[in-house]
Amino acid sequence: TADPIVAAARIVEALQTIISREISPLEPAVVTVGTIRGGEAFNVIPQKVRLTGTARWFSDPVGASMPGRFERLVTHPAAAAGLTARLVYKHVNRPVVNDPRIAEIVIETATRLLGEKNVHTDTRTLGGEDMSVYLAQVPGCFFFVGSAPEGKHRPHHSPSFAIDERALAIGTVVLEAAAREVSKAL
């Protein structure tokens with residue numbers, strides 16, 4: 001019989017080749033299968049399996065290529081297993097791109113308030129943020145405020161995540177001061 005669990009495993013493996021074999025290593029991008037749901041019993045082949053995930057990138061050409069890559073790498077392994085796959089690809093957010101003028105004001109303001117050793121400007125992330133929608137309409141700057149408590153590192157989106165709540169006040173002070181500087185500059 002056609003086994004959607006085996007097909008799903010092949011699809012997950014195939015999707016991982018987008019980053020390792022199809023995108024230049026000089027182009028930051030990520031493909032993640034975040035959920036696999038299928039089957040109810042250990043000895044019964046399920047009728048269907050559902051995968052969900054995300055893809056993120058910085059470059060518009062890489063983003064434009066993703067739906068076609070997904071279609072090919074989802075439907076072909078399923079067909080090879082005698083199954084039909086249906087891909088629902090939703091383009092949710094573009095990459096977050098800060099306005100250079102606003103970013104410089106935020107950096108200067110944070111440095112003045114927090115000290116140079118506490119401001120890091122070399123961080124890039126492929127996090128999926130709806131801030132990209134705002135920045136496509138209005139110049140702005142998305143920035144992080146370190147919030148890790150002392151001790152063991154507990155990353156975002158993990159069951160052990162914890163926050164040092166003093167970061168909330170720091171973020172508020174930087175945001176308010178930067179907003180005042182931006183309003184003077186524009």
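Helix α3 passes helix α5 in a right-handed crossing (right-handed means that the near helix is turned clockwise from the far one by less than a right angle). This is a predicted model, where local features need pLDDT of at least 70 and side-chain atom pairs count only at pLDDT 80 or more, while totals for chains, interfaces and linings use all residues. Residues are numbered from 1 along each chain as its sequence is written, and side-chain values use heavy atoms, leaving out hydrogens and water. Helices (H or I, at least four residues) and strands (E, at least two) are DSSP runs, numbered from the N terminus.

**How α3 meets α5**
- The axes of α3 (residues 100-114) and α5 (residues 166-185) come within 9 Å and cross at roughly 130°; axes are lines fitted to C-alpha atoms, for helices over the stretch in contact, and angles run from 0 to 180 degrees between N-to-C directions.
- That angle makes α3 oblique to α5 (under 35 degrees is roughly parallel, over 145 roughly antiparallel, 65 to 115 roughly perpendicular, and the rest oblique).
- On the α3 side, the residues in contact (heavy atoms within 4.5 Å) include Ile 102, Ile 105 and Val 106, and on the α5 side they include Ile 170, Val 173 and Val 174.
- Sorted by class, this contact has 13 nonpolar, 1 polar and 2 charged residues (Ala, Val, Leu, Ile, Met, Phe, Trp, Tyr, Cys and Pro count as nonpolar, Asp, Glu, Lys and Arg as charged, and the others, Gly among them, as polar).

**How α1 meets α2**
- The α1 and α2 axes also come within 9 Å, crossing at roughly 145°, and this crossing is right-handed.
- Among the residues making the contact are Ala 7, Leu 15 and Ile 18 of α1, plus Met 66, Phe 70 and Leu 73 of α2.
- The class count here is 12 nonpolar, 1 polar and 4 charged residues.

**A look at Phe 70**
- Phe 70 sits in helix α2 and counts as buried, at 10% relative accessibility (buried is under 20% relative accessible area, exposed over 50%, partly exposed in between, with a 1.4 Å probe and protein chains only).
- Not counting residues up to four places away in sequence, Phe 70 touches Leu 15, Ile 18, Val 31, Ala 55, Leu 87 and Tyr 89.
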